[in-house]
Every structure is written in C-alpha cells, then in structure tokens.
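This briefing is meant for a reader who is meeting the structure for the first time. Please keep the sequence and the model in view while going through the points below.

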Amino acid sequence: MRAFEYHAPTSLNEALSLLQELGEAARPLAGGTDLVVQMKENATKFAAPSHIVNLLRVPELGGIEFSESVGLRIGAGATMAEVAESLIIRERYQAIVEGAALVGSIQTMNMATVGGNLCNAAPSADIAPPLLAFEAEAVIVGPAGRRSLPLEEFFLGPGKTALAVDELVAEVRVPVPSAGIGSAYDRHTPRKQMDIAVVGVAATLSIAGNRVERARVALGAVAPTPVRARRAEGALEGQPPSDDVFARAAEIAAMECSPIADVRASAEFRRYIVRVMTMRMLREVRDRARSG
Ligand SMILES: Cc1cc2nc3c(=O)[nH]c(=O)nc-3n(C[C@H](O)[C@H](O)[C@H](O)COP(=O)(O)OP(=O)(O)OC[C@H]3O[C@@H](n4cnc5c(N)ncnc54)[C@H](O)[C@@H]3O)c2cc1C
C-alpha cells in the first residue's frame with residue numbers, strides 16, 4: 001500500500017474543508033472495510049490516495065432517528081451493527097434491518113457503515129435494495145451546501161456515484177412508511193456467510209383489504225447499479241396479493257433486470273434466482289402483514 005497522509009477531522013466543516021483543499025488526492029475513510037482492502041489489493045491499478053480523511057470522529061455523520069412527521073434519518077457513519085440492532089428501524093422498516101444484518105461477519109458489521117456501503121457503489125451492496133424499496137434519499141453535503149438525491153439517481157454504475165470529490169454523504173432519509181406497509185430483504189449467495197449477493201431482492205407492499213395499494217421491488221447484483229423493478233411493481237399495484245399475481249410480477253422482474261455473467265453466476269441463473277427470490281419476498285411480506 002502506498003504511503004498516505006492521515007487526517008482525523010472532528011467536525012463536518014473541517015472534513016469538508018480538507019476534501020475541498022486536497023481534491024482528487026484525498027479519499028474519505030469510514031469503516032475501511034472496502035477502502036482499505038482496495039488500497040491493499042489494487043495498489044498498482046487503483047488511484048491510490050495520498051491523503052486519507054477519516055470520518056469516524058465527525059459527530060454530524062452519526063446517529064439513527066425517527067419522527068412520525070419526517071421519517072427515518074440514518075447518519076452515513078451509522079454502522080451495520082447499529083442499524084441491525086435498531087428497534088426503531090426493525091418496527092417500521094424491517095427490510096433495512098435485514099440488509100444490514102447480512103453484511104459480512106459481526107466484526108465487519110461493527111466497522112462497515114451505511115455511507116460506505118452506498119458510496120462504494122457495488123451493484124451487490126446489501127443495504128441498497130431495501131433503501132431503494134423504501135424510496136430513500138441520500139443527503140449530500142459539499143462546498144455548495146446540502147442537496148438531496150433519490151438513491152436511484154445516486155448510483156451511476158459499478159463503483160460510480162453522483163458525488164463530487166469534495167462532497168460527502170451526510171445521511172440517508174427514508175420517508176414515513178405508509179399505513180399497513182410490510183417489507184422483506186434477502187439475497188442468494190453460494191455460501192451461507194461471508195459472501196456477497198449473487199442476487200438481492202427487497203420488497204415493500206402496502207396491502208389494504210384485498211388489494212396491493214403500493215408495491216416496490218428493488219434488485220441487487222443484476223444490473224450495473226442496484227435498481228427498482230418498476231414493471232414488476234406495476235403488475236402488483238391494484239391487484240389482489242395472490243400467488244398468481246406474485247408469480248407474474250416475479251417473472252416480469254426477472255425479465256426487466258440486466259444481469260451479467262461472471263465467475264459467480266451466469267446471467268440466466270441470475271434471472272432465474274430473481275424470479276424465485278422475488279416470489280419468496282412478496283409472499284414473505286404478505287404473510288408478515290397477515291400475522292402482524
Ligand atoms: C469480510 C468482508 C465481508 C463483506 N461482506 C459484505 C456483504 O455481505 N454485503 C455487502 O454489501 N458488503 C460487504 N462487504 C463490503 C463492505 O463491508 C461494505 O460495503 C461496507 O458497508 C463499507 O463501509 P465502510 O464504512 O467500511 O466503507 P469504507 O471502506 O470506509 O469506504 C467505502 C467507500 O465509500 C467512501 N465513503 C465512505 N463514507 C463516505 C461518506 N460518508 N461520504 C462519501 N464517501 C464515503 C470511501 O471513500 C470509499 O470509497 C464486506 C467487506 C468485507 C471486508
């Protein structure tokens with residue numbers, strides 16, 4: 001790993017000033033579970049930063065809060081362990097807890113942050129599909145102030161986001177969940193633990209009477225970015241939450257994604273898994289709604 005200068009700002013303003021001053025030469029560091037590995041492994045082809053700006057002592061980036069009027073705020077520096085253990089999130093946004101709880105081992109979850117997972121922009125990032133399914137927004141801070149971006153627009157491609165070099169993700173905002181909403185996230189991996197998603201599927205459903213009023217389906221690892229399956233959502237809304245309707249939506253989700261073939265799975269296998277997992281997640285949400 002190339003030598004670098006280390007900075008440990010203790011406020012958001014200080015962190016932003018450093019990033020502005022150092023420009024391309026600097027990289028923010030949160031838990032380091034992606035960045036440090038990349039710096040070690042790709043020392044020759046990775047544009048090795050000569051300055052590291054550690055965000056862990058920036059208090060403005062921490063915390064998890066919920067209010068009935070505004071919804072959920074997850075600080076970019078919140079760890080996966082904090083999210084997975086949050087009762088506030090579990091009660092209202094179960095799929096987000098389920099995504100966080102799948103990130104690596106306990107040790108990884110204690111270091112890995114929500115901001116790092118999003119900014120690393122892996123198509124397989126486990127926190128992304130649940131946040132997309134809840135229509136979350138990234139709150140971005142930089143020299144020009146604060147701006148909010150729907151997560152769908154935040155991801156631009158593998159490893160690419162809408163962030164400028166002198167900007168940070170400060171927090172993620174998730175709207176107040178609609179009445180009767182249920183959610184679920186799971187992924188398929190060849191190994192049970194310590195593996196990344198071959199396919200990840202998150203679903204949220206608002207069911208009123210015998211109709212799906214609102215449906216969101218988000219997929220991981222089957223496109224250059226985590227994506228919403230909008231045509232599948234359209235096939236669910238206004239319909240009864242029946243197995244037949246779910247099977248049709250799952251088939252549509254499998255058709256509308258654009259998986260690649262790689263060493264971990266063929267494109268056909270990924271499509272097949274999208275169908276199976278979407279069906280499973282939709283049933284799971286419906287069954288939770290009926291039992292809860
Ligand atoms: C053993 C192991 C297992 C793993 N398993 C999984 C898994 O199952 N699922 C999964 O999704 N991931 C997994 N990962 C990947 C990783 O843990 C996650 O992506 C993690 O959430 C990254 O967060 P971090 O805080 O460590 O980010 P870092 O490594 O510190 O940063 C990642 C990137 O984001 C940037 N960054 C960080 N915070 C900000 C911010 N607030 N604003 C702007 N840029 C920022 C950094 O500059 C860097 O480019 C695993 C990693 C390891 C080492």
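Predicted model: local features only at pLDDT ≥ 70, side-chain atom pairs only at ≥ 80, totals over all residues.

Which element gives the largest share of the shell around the ligand? That share comes from α7, which contributes five residues.

**The shell around the ligand**

- The ligand is surrounded by 31 residues, and the closest of them are Ala-30, Gly-31, Gly-104, Gly-116 and Asn-117.
- Two or more residues of this shell come from each of β2 (26-29), α2 (35-41), α6 (106-111), α7 (114-120) and β10 (168-174).
- Sorted by class, the shell around the ligand holds 18 nonpolar residues, 10 polar residues and three charged residues.
- Because domain 1 (5-54) and domain 2 (60-174) both give residues to the shell, the ligand lies between these two domains.

- The domain assignment divides the chain into domain 1 (5-54), domain 2 (60-174) and domain 3 (181-291).
- The centres of domain 2 and domain 3, taken over C-alpha atoms, are separated by 20 Å.
- In the contact between these two domains, 24 residues of domain 2 meet 24 residues of domain 3.
- On the side of domain 2 that touches domain 3, the elements giving two or more residues are α5 (94-100), α8 (128-133) and β8 (155-157), and the largest share, five residues, comes from α8.
- By class, this side of domain 2 is made up of 14 nonpolar, six polar and four charged residues.

**The open sheet of five strands**

- Five strands, in the order β4-β5-β10-β6-β7, form an open sheet in which the pairing is antiparallel.
- The edges of this sheet are taken by β4 (64-67) and β7 (145-150), each of which pairs on one side only.
- On average, neighbouring strands of this sheet are turned by 20 degrees against each other, when direction is ignored.
- Strands β4 and β5 are paired in the antiparallel sense over four bridges, and a hairpin leads from β4 to β5 through three residues.
- Within that pairing, Phe-66 has Leu-72 in β5 standing opposite.
- Strand β5 (residues 71-75) is also joined to β10 by four bridges, and these two strands run antiparallel.
- Between β5 and β10, Gly-75 stands opposite Glu-171.

**The open sheet of three strands**

- A further open sheet has three strands in the order β1-β3-β2, and here the pairing is parallel.
- Since β1 (5-7) and β2 stand at the edges with a single partner strand each, one side of each is left without a neighbour in the sheet.
- From one strand to the next, the twist of this sheet averages 25 degrees.
- The parallel pairing of β2 and β3 extends over four bridges, and Arg-27 stands opposite Ile-52 in β3.

**Individual residues in loops**

- Glu-135, in the loop between α8 and β6 (137-142), has a phi near 55 degrees, which is a positive value in a residue other than glycine.
- Glu-135 counts as partly exposed because 18 other C-beta atoms lie within 10 Å.
- Ala-221 is found in the loop between β13 (211-220) and β14 (227-228), and its phi, near 70 degrees, is likewise a positive value in a residue other than glycine.
- Ala-221 is classed as buried because 30 other C-beta atoms lie within 10 Å, the cut-off for a buried residue being 20 or more.

How values were computed:
Residues numbered from 1 in each chain as written. Near = placed C-beta within 6 Å. Nonpolar A, V, L, I, M, F, W, Y, C, P; charged D, E, K, R; others polar. Domains from an automatic or database assignment. Contact = placed C-beta atoms within 7 Å. Pairing = 2+ DSSP bridges. Axes fitted to C-alpha atoms, helices over the stretch in contact; angles between N-to-C directions. Buried ≥ 20, exposed ≤ 12 C-beta atoms within 10 Å, placed from the backbone.
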